[in-house]
Amino acid sequence: MIFATFLVLVAIANAAPFGVDSVKDRQLKKRFNNGLGKTPALGWNGWNQGQCNAATATTALNTAKAFVNLGLKDLGYTYVNIDDCWANKARDSGGNLVPDPSKWPNGIKPVADQIHGMGLKMGLYGDAGRNTCGGYPGSQGHEVQDGKLLASWGIDYWKHDNCYTGTGFNNAGANTSTYYPTMRDALLNSGRPIFFSMCQWGRDNVWMWGASVGNSWRMSDDIQNNWASVASIAAKAATIAQYAAPGGFNDLDMMQLGNGVLNQNEERAHFGLWAIAKSPIIMGTDMTKIATSTLNIIKNKGILSIHQDSLGKAATTFRPSGAAAPSASSLYPYWAGPLSDGVVIGIIAVSNANNYSVNFLDVPGLGKGTFSWTEFYSGQTGSGTSVSFTLGLHDMAVVKVTKVHD
């Protein structure tokens with residue numbers, strides 16, 4: 001995407017609640033509950049850092065130590081997740097998955113125990129099909145066995161990919177709603193609470209049934225390391241915001257922060273969009289080498305408070321007076337969503353850097369009144385019935401606004 005984009009987020013306290021549509025009401029009644037994922041997950045996954053090269057005990061432990069040393073654990077970053085390529089290419093004679101001894105010389109459990117000892121949790125990766133996407137053993141036909149093995153190792157999070165379940169690599173003809181519940185049930189009966197991350201690429205309108213199966217569900221193809229991919233995924237997320245709620249969230253995919261392509265402004269927008277969409281925020285860079293500028297973004301307490309708000313409802317687009325209608329095919333300038341203590345508003349300059357204003361009367365769920373506000377990135381404060389910022393290309397401001405009086 002070649003247009004300029006920046007985002008202003010406004011969290012407005014003491015506002016009237018948003019309406020909840022009947023589709024969401026029906027969907028929420030069927031929500032899967034394993035006691036996990038009450039707010040979106042915060043953590044790290046090795047794939048965007050180093051793909052198969054990051055699937056090692058050393059990388060997992062170094063990342064866990066970085067979470068502690070950088071102050072991320074204290075902010076809620078919890079999961080240290082290993083992706084594909086951690087196992088041997090074949091199961092053992094008993095049908096069990098076997099950690100690659102060159103990558104896990106002492107096995108998985110001792111590493112999980114060390115990570116738990118740091119106050120963190122450990123995740124692993126698998127697949128619903130015959131093989132993982134990298135050609136390692138999948139869980140098809142071994143779900144119960146694998147679930148019990150994961151529990152015995154102390155695994156807390158399981159990413160379940162979608163390769164080789166149907167015809168060929170990408171499952172032509174396979175309906176994911178028919179087989180993802182199998183692993184759900186295996187994890188529920190494993191003897192340990194395990195977060196179930198469904199990585200089935202947004203197939204089969206997963207947002208309509210995913211909450212009955214997992215704690216999060218991918219709603220798109222894989223994110224790429226460029227701004228166009230970030231903007232495209234966010235635009236799609238706006239159309240399915242109503243399906244996010246405590247226990248299960250739309251997953252916009254792992255972060256591309258710190259991976260050398262997005263500039264600092266785009267990193268702020270990437271983080272803010274995922275936060276208001278209530279996506280899991282799973283870092284995908286070498287946490288031992290993370291730049292100070294990126295670290296400051298992901299440690300922003302104000303934005304994290306929006307992401308982790310207990311109401312767990314995602315923002316979507318709204319149309320102010322005189323604005324063009326939103327489109328699912330491109331990032332829209334105006335977003336809003338409820339918080340437990342108000343409303344969060346997103347303003348995105350889709351075509352150029354400029355001064356952008358929001359009148360609170362135009363925001364769904366708000367009425368007349370005077371508001372005080374604080375911008376989370378800059379620390380600016382103000383009060384009134386609207387907010388206005390001048391921002392650079394692709395930059396973002398995040399503002400919390402509290403109602404002072406009617």
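**Exercise 1.** In this predicted model, determine how far strand β11 is covered, and identify its pairing partners.

*Solution.* 
Step 1. Strand β11 spans residues 334–339 and is mostly covered, since six of its six residues are buried. The criterion for buried is a relative accessible area under 20%.
Step 2. Strand β10, residues 316–317, pairs with β11 in the antiparallel sense over two bridges.
Step 3. Strand β12, residues 342–348, also runs antiparallel to β11, and six bridges join these strands.

**Exercise 2.** Classify the packing of helix α7 (residues 227–238) against helix α8 (residues 264–276) and describe the contact.

*Solution.* 
Step 1. Two packed helices are described by the angle and the distance between their axes.
Step 2. The axes of α7 and α8 come within 11 Å and cross at roughly 20 degrees.
Step 3. Angles under 35 degrees count as roughly parallel; therefore α7 is roughly parallel to α8.
Step 4. The crossing of α7 past α8 is left-handed.
Step 5. From α7, Trp-227, Val-230, Ile-233 and Ala-234 meet Glu-266, Ala-269, His-270, Leu-273 and Trp-274 of α8.
Step 6. Sorted by class, this contact holds seven nonpolar residues, one polar and one charged.

Notes. Residues are numbered from 1 along each chain as its sequence is written. This is a predicted model: local features need pLDDT of at least 70, side-chain atom pairs count only at pLDDT 80 or more; totals for chains, interfaces and linings use all residues. Side-chain values use heavy atoms; hydrogens and water are left out. Buried means under 20% relative accessible area, exposed over 50%, partly exposed in between (1.4 Å probe, protein chains only). Helices (H or I, at least four residues) and strands (E, at least two) are DSSP runs, numbered from the N terminus. Two strands pair if DSSP finds at least two bridges between them. Axes are lines fitted to C-alpha atoms, for helices over the stretch in contact, and angles run from 0 to 180 degrees between N-to-C directions. Angles under 35 degrees count as roughly parallel, over 145 as roughly antiparallel, 65 to 115 as roughly perpendicular and the rest as oblique. A crossing is left-handed if the near helix is turned anticlockwise from the far one by less than a right angle, and right-handed if clockwise. Contact means heavy atoms within 4.5 Å. Ala, Val, Leu, Ile, Met, Phe, Trp, Tyr, Cys and Pro count as nonpolar, Asp, Glu, Lys and Arg as charged, and the others, Gly among them, as polar.
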